[in-house]
Amino acid sequence: MLDELKQLRTDALVEIKNLSDLPSLETWRVKYLGRKGMLSQISDGIESVSAKDKPQVGQLLNEVKQELTKVWKVALAQNSTDNNQAALDFNLPGIVKNERGHLHPLSQMQKQLEELFVSLGFMVLDGPELESEYYNFTALNIPSWHPARDIQDTFFVKGGTPDNALVLRTHTSNMQVRALEKYGAPLQAVVPGRVFRYEATDASHEHTFWQMEGLVVDKGITVANLIAVMQRLLQGIFKKEVEVRLRPGYFPFVEPGFELDMSCLICKGDGCSVCKQSGWVEMMPCGLVHPKVLEYGGLDPTVYSGFAFGLGLSRLAMMKYGIDDVRLFLSGDLKFLEKF
């Protein structure tokens, strides 16, 4: 049996030198070192060896097994490296850069505004994007025959009733009467969200954009309260004094109504495509809540008054970050989004 072991060792060592791929090495391992391999067969027959020779045979058997195992591991490692199949060492640093995502610039702007208004005691409300004509138009003093419908009639959806169709909301003002019905007065709330309009797109107009509606209703609310909140809002976002102007504007759900403009921060008031060469950017329609809207909300307009405003998050983000085209926000361009 000693001679048999010595011959097995010689044959195995010669054979493994000619192996250069992982499948053949595995075949070699099974042949010599496997549970039913040649070494195991010799080990099973050691009981038939005489007591005198058994220690010597057992010692040689272990030596051959250890030697062949070591040779096999070396050959396996060498061939694994050659075939780029080396075992992974998870302690080594990765070779792929771990990219981290971040919020969209409009989401960042919305979060900043929500934190600002919460600090002023406002609630942050959410509302449906698919809205009924009643809350989107009628309850805001815009009946079906009103000319203002022509400006905002937009994407209608099948469903609803002939007298109250379903429409993708054209403004977050759809939550004014909903909020008054649920919370009553006094009320301080903002409503951020996505709105939809049939717009001719250009550098400052999109068919889908983000707004934030603001509503304050209480006793004794005046235009002075409106101006104070608007100034606090712009100072909180831009961290500096911003030149604004208030000019008359018509909106059926406020009376009196205003357009609040701010000096264009893109061109510093010199005129550009964003401000249409005027030096001013229309930021938000606003005004005192129309008595009819208060009545639709279940309040007595002789007791309560309030103000409302609609802030364009997209335009505000353009002014804050110096973006000259609103269409970039929805372009899906990662080179643009990664800058934020």
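The questions and answers that follow concern this predicted model.

Q: Why is the pair of Phe117 and Phe122 called edge-to-face?
A: The ring centres of Phe117 and Phe122 are 5.0 Å apart, and the planes meet at 65°. Rings pair if their centres lie within 6.5 Å, and planes over 60 degrees apart count as edge-to-face. The pair of Phe117 and Phe122 is therefore edge-to-face. Phe117 is buried, as is Phe122.

Q: How many aromatic pairs does the structure hold?
A: There are nine aromatic pairs. Among them is the edge-to-face pair of Phe336 and Phe340, with 5.2 Å from centre to centre and 70° between the planes. Phe336 and Phe340 also belong to one aromatic cluster with Tyr321 and Phe329.

Q: What makes Phe336 buried or exposed?
A: The relative accessibility of Phe336 is 10%, and buried means under 20%. Phe336 therefore counts as buried.

Q: What makes Phe340 count as partly exposed?
A: Phe340 has 22% relative accessibility. Buried requires a value under 20% and exposed a value over 50%, with partly exposed in between. Phe340 therefore counts as partly exposed.

Q: Why is the contact of Glu15 with Lys31 called a salt bridge?
A: The closest N and O atoms of Glu15 and Lys31 are 3.2 Å apart. A salt bridge needs such a nitrogen within 4 Å of a carboxyl oxygen, and the pair of Glu15 and Lys31 forms one. Glu15 lies in helix α1 (residues 2-17) and Lys31 in helix α2 (residues 22-33), so the pair ties together parts that are 16 residues apart in sequence. Glu15 is partly exposed at 27% relative accessible area, and Lys31 is partly exposed at 38%. By the salt-bridge rule, the count is eight.

Q: How do you know that Arg178 forms a salt bridge with Glu131?
A: The closest N and O atoms of Arg178 and Glu131 are 2.8 Å apart, and the cut-off is 4 Å. The pair links distant parts of the chain, with Arg178 in helix α8 (residues 175-183) and Glu131 in strand β2 (residues 130-132), 47 residues apart. Arg178 counts as partly exposed at 28% relative accessibility, whereas Glu131 is buried at 1% relative accessible area. Arg178 also lies over the face of Tyr135, at 4.1 Å from the ring centre.

Q: What makes Arg245 and Asp261 a salt bridge, and which parts does the pair tie together?
A: The side chains of Arg245 and Asp261 meet at 2.9 Å, N to O, and the limit for a salt bridge is 4 Å. Arg245 lies in strand β7 (residues 244-248) and Asp261 in strand β8 (residues 254-263), so the pair ties together parts that are 16 residues apart in sequence. Salt bridges that share partners join Arg245, Arg247 and Asp261 into one network. Asp261 counts as buried at 1% relative accessibility, while Arg245 is partly exposed with a relative accessible area of 33%.

Q: How many disulfides does a search of the whole structure find?
A: The search finds zero disulfides. Cys267 is in none, and the nearest cysteine sulfur, that of Cys264, is 3.7 Å away. At 10% relative accessibility, Cys267 counts as buried.

Q: Which residues have the most contacts inside the largest nonpolar core?
A: Leu113, Leu311 and Met319 have the most contacts inside this core, which has 46 residues. The elements that give two or more residues to the core include α5 (105-119), β10 (305-312) and α11 (313-321). Its largest share, seven residues, comes from α9. Leaving aside neighbours within four places in sequence, Leu113 is in contact with Met212, Leu233, Ile237, Leu311, Leu313 and Leu316. Another core lies apart from the largest one and has 25 residues, among them Leu125, Val289, Leu299 and Ala308.

Conventions
Residues are numbered from 1 along each chain as its sequence is written. This is a predicted model: local features need pLDDT of at least 70, side-chain atom pairs count only at pLDDT 80 or more; totals for chains, interfaces and linings use all residues. Side-chain values use heavy atoms; hydrogens and water are left out. Rings of Phe, Tyr and Trp (its six-membered ring) pair if their centres lie within 6.5 Å; planes under 30 degrees apart count as stacked, over 60 as edge-to-face and the rest as tilted. Buried means under 20% relative accessible area, exposed over 50%, partly exposed in between (1.4 Å probe, protein chains only). A charge sits over a ring if NZ of Lys or CZ of Arg is within 6 Å of the ring centre and within 35 degrees of the ring normal. Helices (H or I, at least four residues) and strands (E, at least two) are DSSP runs, numbered from the N terminus. A disulfide is a pair of cysteine sulfur atoms within 2.5 Å. A nonpolar core is a set of buried Ala, Val, Leu, Ile, Met, Phe, Trp, Tyr and Cys residues joined through side-chain atoms within 4.5 Å. Contact means heavy atoms within 4.5 Å.
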